[in-house]
Amino acid sequence: MSGEPRYAGIDVGATNTRAVVANATGEVRGRARDRTTRVSDGDRVAEEVVGVLREACGGAGVGPDDLKAVGIGAIGPQDDRGGVVDPPNHPADRIPLVAAVEAATGASVRLRNDAVAGVIAERRFADAPDNAVYLTLSSGVGAGVVVDGHVLTGSGGNAAEVGHITVDSTGAVACGCGGRGHWEAYAAGTNLPAYARHVHGEGVETDLDLGEVTAPDLFAAPDDPLAAEVLDRLARWNTLGAAALVHAYAPDLVSVGGAVACNNPAAVVDPVRERLPDHVVTSVPEVRVTPLGDEVVVRGALALALPE
Ligand SMILES: [Zn+2]
């Protein structure tokens, strides 16, 4: 019965939750999306995630208990009981995702780091080669890696938590994890306003209202001296991080997703492509914006659920 929608994928991001419901060949028949509830009560967050899944099921004309398998790509860190624990870019203590989705569906449920789901989607739906990296630049920074055709998961599923690579050895800016100088502290969309205030403190002038400024404001003002300086430094941190990834994993492709990259490809992805050859001593990979757009993680989550 490959035509019936019995498989689902869920993307639980720090900002948005998405769900799709598909048949056994991966044709999406229902989708839904909502803001991820930003409260400390992880049980409530999980229930709201189930609500998005129910809505996607409704769009596909099935009930949650018709599902055979569900995949979830979610923010980390994750524990071995199917939960998200103390994420640095969300206020929840523990979000029991697998338990909540199992209880609502009776289906088998698999959970992976969202960036790992991203690289699985690149492989299944976007022709990524046997050696590839999916890099997300969004509310956080992370990566999913395939080496010799194998998806790397690592202890606790936390392989390639590259947002916490130190790119700035002076440690000028604090990361949400408590460390300093980490890639994510500079490049995550949620951290760019604080970084702009930091650079302003070094004496760079601006016409922007730094009390209210958002990441989209910075990208919309490339002629402002401060915004221009922040975007140039952002390109440097992203290039150093990407070069570390290339030296660690030797990918032939770096596919970049996440809202910061997908909404600003010329300001965010093009400079990395241009600068990377100057920072890499091994072969330089293709650098692209993910062709799967803002559905890359939810499609990877779906791939986790689909039959092989
Ligand atoms: Zn960190």
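**Note on helix packing and the domain contact**

1. In α1, A46, E47, V49, V50, L53 and R54 meet L97, A100, V101, A104 and T105 of α2. By class, the residues of this contact divide into eight nonpolar, one polar and two charged. The model is a predicted one.

2. The geometry of this pair is as follows. Helix α1 covers residues 42–60 and helix α2 covers residues 97–105; their axes come within 9 Å and cross at roughly 45°. That angle makes α1 oblique to α2. The crossing in which α1 passes α2 is right-handed.

3. Next, α7 and α9. Helix α7 spans residues 225–249, and helix α9 spans residues 265–275. They pack at an angle of about 55°, and their axes are 9 Å apart. The two helices are therefore oblique to each other. α7 passes α9 in a right-handed crossing.

4. On the α7 side, the contact with α9 uses D232, L234, A235, R236, N238, T239 and A242. On the α9 side, V268, P271, V272 and R275 take part. The residues of this contact divide into six nonpolar, two polar and three charged.

5. How do the axes of α3 and α10 cross? Helix α3 (residues 114–125) and helix α10 (residues 296–305) have axes that come within 7 Å and cross at roughly 80°. The two are therefore roughly perpendicular to each other, because angles of 65 to 115 degrees are counted that way.

6. The contact of α3 with α10 draws D114, A117, G118, I120, A121, E122, R124 and F125 from α3. From α10 come V296, V297, R299, G300, A301, A303 and L304. These residues divide into nine nonpolar, two polar and four charged.

7. Now the domains. The domain assignment gives domain 1 as 7–120 + 295–305 and domain 2 as 128–290. Taken over C-alpha atoms, the domain centres are separated by 25 Å. Domain 1 puts 16 residues into the contact, and domain 2 puts in 23 residues.

8. What area is buried between domain 1 and domain 2? About 1200 Å² is buried, and carbon and sulfur atoms give 62% of it. Which residues of domain 1 lose the most area to domain 2? They are P88, A115 and V119. Together these three account for 38% of what the domain 1 side buries.

Conventions:
Residues numbered from 1 in each chain as written. Predicted model: local features only at pLDDT ≥ 70, side-chain atom pairs only at ≥ 80, totals over all residues. Heavy atoms only, no water. Axes fitted to C-alpha atoms, helices over the stretch in contact; angles between N-to-C directions. Helix = DSSP H or I, 4+ residues; strand = E, 2+ residues; numbered from the N terminus. Parallel < 35°, antiparallel > 145°, perpendicular 65-115°, else oblique. Left-handed = near helix turned anticlockwise from the far one by under 90°. Contact = heavy atoms within 4.5 Å. Nonpolar A, V, L, I, M, F, W, Y, C, P; charged D, E, K, R; others polar. Domains from an automatic or database assignment. Buried area = accessible area lost by both parts, 1.4 Å probe.
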